[in-house]
Amino acid sequence: MQLRPTLFYLLSTVLLFLSSCSAPQKESATVLIFGGPIYTVDTTQTTVAAVATKDSIVLFAGSLDEAEKYTTEETVRIDLKGRTMTPGLIEGHGHFMGLGYNELNLDLLQTTSYQEIIDAVAAAVEKVAPGEWITGRGWHHSKWSEMPEDTVHGFQTHDLLSAVSPDNPVYLRHASGHAGFANAKAMEIAGVGLLPKDGVDKLAIEGGEVMRDGLGRPTGIFNERAMTLITKHIPESTPEKDTKAFNLAVAACHKNGITSFHDAGIGRETIALYRKQKKAGAMNVRLYAMLTGWEKDLLEEWYGKGPEIDPDNRLTIRSIKLNCDGALGSRGAWLLESYSDRPGHFGHETLPMEFVRSTAIKGLQNGFQVCAHAIGDRANREILDRYEVALKEISLANADHRFRIEHAQHLHPDDIPRFAALNVIPAMQAVHMSSDRPWAIDRLGEKRIKEGAYMWQTLLKSGVPIVNGTDVPVEPINPIASFYASVSRKTLKGTPENGYEPDQKMTREQALRSYTLDAAYGAFEENIKGSITKGKLADFTIFDQDLMTVAENELLDTKVVMTIFNGKVVFEKK
């Protein structure tokens, strides 16, 4: 009789133990975010009141009451205090090391005249030794408030620049990166001089142009592939400078709410640098890197080993970047009809189209996405043609290849529906419209502008997503400027009143999606980022005002006040 209570007690204990083992344990949150509008870019619930994260992953998104159930005494609470949160922004096309080096070299993005460039170089000359190279980037003659007296094909000449830098070689990249400006000393080192009397330019390069005046003298402007005549003489960077530029680029991303970055074209040395930085724990932005098509041996090497998809989601290499024409500003974009402001000139085919076709085929065979730079309507058509041939040739027309065209800035109307038909993604930087549209009409004329330039809404309605960005350092990395351009179709000065070709404006929802979920889709990463969804990465951008509802004329005043990367605050505006 005395054994029964003991047996009952033992059985009760066992059942309680088994019950506790089988009962689900609710996970506890590392961070709870609440107190302001939270736009998820998740169609099942577009806005939520709170988000709970566990380490680097979204644990819950929904009501504050439900989110509170995941908290403990150790949970860090972030009160938005009325500020607005979105998924971490994704720079859909830029040049990561170019961003960093723009912080180290002469930054000419804000210059508004040739004289300002001369002044900047003159100041740099005072700080360097004779013979030391001075480099920079960002000038754009079409944006200057006034032009110098002496011009050739609309570009300045080197004489005034050379006068302030007689003992230092100078090379300044155009904002687009598709032209360069050299002084006399740099051209002397490169062996570029007066055109011979027979008129045969021994330095002529296919796909490029050494610009000369009527007397055969080089003006200092080197267009497209001719830039290599100068750049091959510029001393290579040092590991210390590379590391500094890398860290500056990471910091610039965080300051601008960028948590992921599509790096449009890197070579062997940059890959080694990125791996070194990742190993050192400094890769605090998610890089989706494209192999540069200029290094053919590098491509063959990667075809052999296949894509590299990082399980830590820091550095993924699964795409190839091909540079197929130039920029509109330098008249290097490859057109079907000649430039309105330079009759007889059609731009430049900077990469053989046969190489585009063979790369598309090898990309499909070896699991690589192909991303081809094309700005002019002929370049876009030629690339679409090569993509189509490749898809048919190996019977992969319905494959999830997600081939891209970077920029897709000017299209022939007949080619617009081909993007959706071929499942090709346009990666378009909306801020280019804001910066370029005032003078682009001079290059293309009104008809071509209205029928085929910056055709965002038409492309979206056709069924393809748009990947947005800035093409930094062509433009500043500021995503607010590109968001504003997307929804207003205006310059950053707010003109014209109704925007250029207003029927092509994006809605604010489309613009946000182009910087988040659609950008993630453009990198095969929509299942891990791009929306605030349970199970996805805890990357968020927080703004000081609601960019989805604030008046259009106040949008550009929006500031990033906090960036959360991998579940941790990496930037906070003081």
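This report describes strands, helices and selected residues of one predicted model.

The model is predicted, so local features need pLDDT of at least 70 and side-chain atom pairs count only at pLDDT 80 or more, while totals for chains, interfaces and linings use all residues. Residues are numbered from 1 along each chain as its sequence is written, and side-chain values use heavy atoms, with hydrogens and water left out.

**The open sheet**

Helices (H or I, at least four residues) and strands (E, at least two) are DSSP runs, numbered from the N terminus. Two strands are said to pair if DSSP finds at least two bridges between them. Strands of a sheet pair through backbone hydrogen bonds, either parallel or antiparallel.

An open sheet is built from 6 strands in the order β7-β8-β11-β12-β14-β13, with mixed pairing. Its edge strands are β7 (106-107) and β13 (208-212), each of which pairs on one side only. Helix α4 (residues 114-125) packs on this sheet and touches β7, β8, β11 and β12 (179-182); here, as in every contact below, heavy atoms lie within 4.5 Å. The direction of α4 makes about 155° with that of β8.

Within the sheet, strand β8 (residues 134-139) pairs with strand β11 (residues 170-174) in the parallel sense over 5 bridges. In this pairing W139 stands opposite H174 of β11. On the other hand, β11 and β12 pair in the antiparallel sense over 3 bridges, and R173 has G180 of β12 as its bridge partner. β11 and β12 form a hairpin with 4 residues between them, and G177 in the turn has a positive phi of about 85°.

Burial is judged by relative accessible area: buried means under 20%, exposed over 50%, and partly exposed in between (1.4 Å probe, protein chains only). Because 4 of its 5 residues are buried, β11 is largely enclosed by the rest of the structure.

S113 lies in the loop between β7 and α4 and counts as buried, at 8% relative accessibility. Leaving aside neighbours within four places in sequence, S113 is in contact with W144 and E146. G199, in the loop between α6 (184-190) and β13, is partly exposed, with a relative accessible area of 45%. G199 and V210 are 11 residues apart in sequence and 13 Å apart in space, C-alpha to C-alpha.

**Strand β1 and its partners**

Strand β1 (residues 31-39) is mostly covered, with 7 of its 9 residues buried. β1 is joined to strand β4 (residues 76-79) by 4 bridges, and these two run parallel; L32 stands opposite R77 in β4. β1 is also joined to strand β2 (residues 47-54) by 6 bridges, in an antiparallel arrangement, where V31 stands opposite T53 of β2.

**Helix α8 and its neighbours**

Helix α8 (residues 239-255) packs against helix α9 (residues 268-279) and against helix α3 (residues 96-104). Axes are lines fitted to C-alpha atoms, for helices over the stretch in contact, and angles run from 0 to 180 degrees between N-to-C directions.

| Helix pair | Angle | Distance between axes |
|---|---|---|
| α8 and α9 | about 65° | 11 Å |
| α3 and α8 | about 100° | 7 Å |

Angles under 35 degrees count as roughly parallel, over 145 as roughly antiparallel, 65 to 115 as roughly perpendicular and the rest as oblique. Therefore α8 and α9 are roughly perpendicular to each other.

Their contact is made by D242, T243, F246 and N247 of α8 with L273, Y274 and Q277 of α9. For the classes, Ala, Val, Leu, Ile, Met, Phe, Trp, Tyr, Cys and Pro count as nonpolar, Asp, Glu, Lys and Arg as charged, and the others, Gly among them, as polar. The contact of α8 with α9 has 3 nonpolar, 3 polar and 1 charged residues.

The helices α3 and α8, at about 100°, are likewise roughly perpendicular. Residues in their contact include F96, M97 and L99 of α3 and K241, D242 and K244 of α8. By class, this contact of α3 with α8 divides into 12 nonpolar, 1 polar and 4 charged residues.

**A residue of helix α16**

S482 lies in helix α16 (residues 479-488). With a relative accessible area of 0%, S482 is buried. Not counting residues up to four places away in sequence, S482 touches Q429, A430, V431, N468, G469, T470 and Y515.
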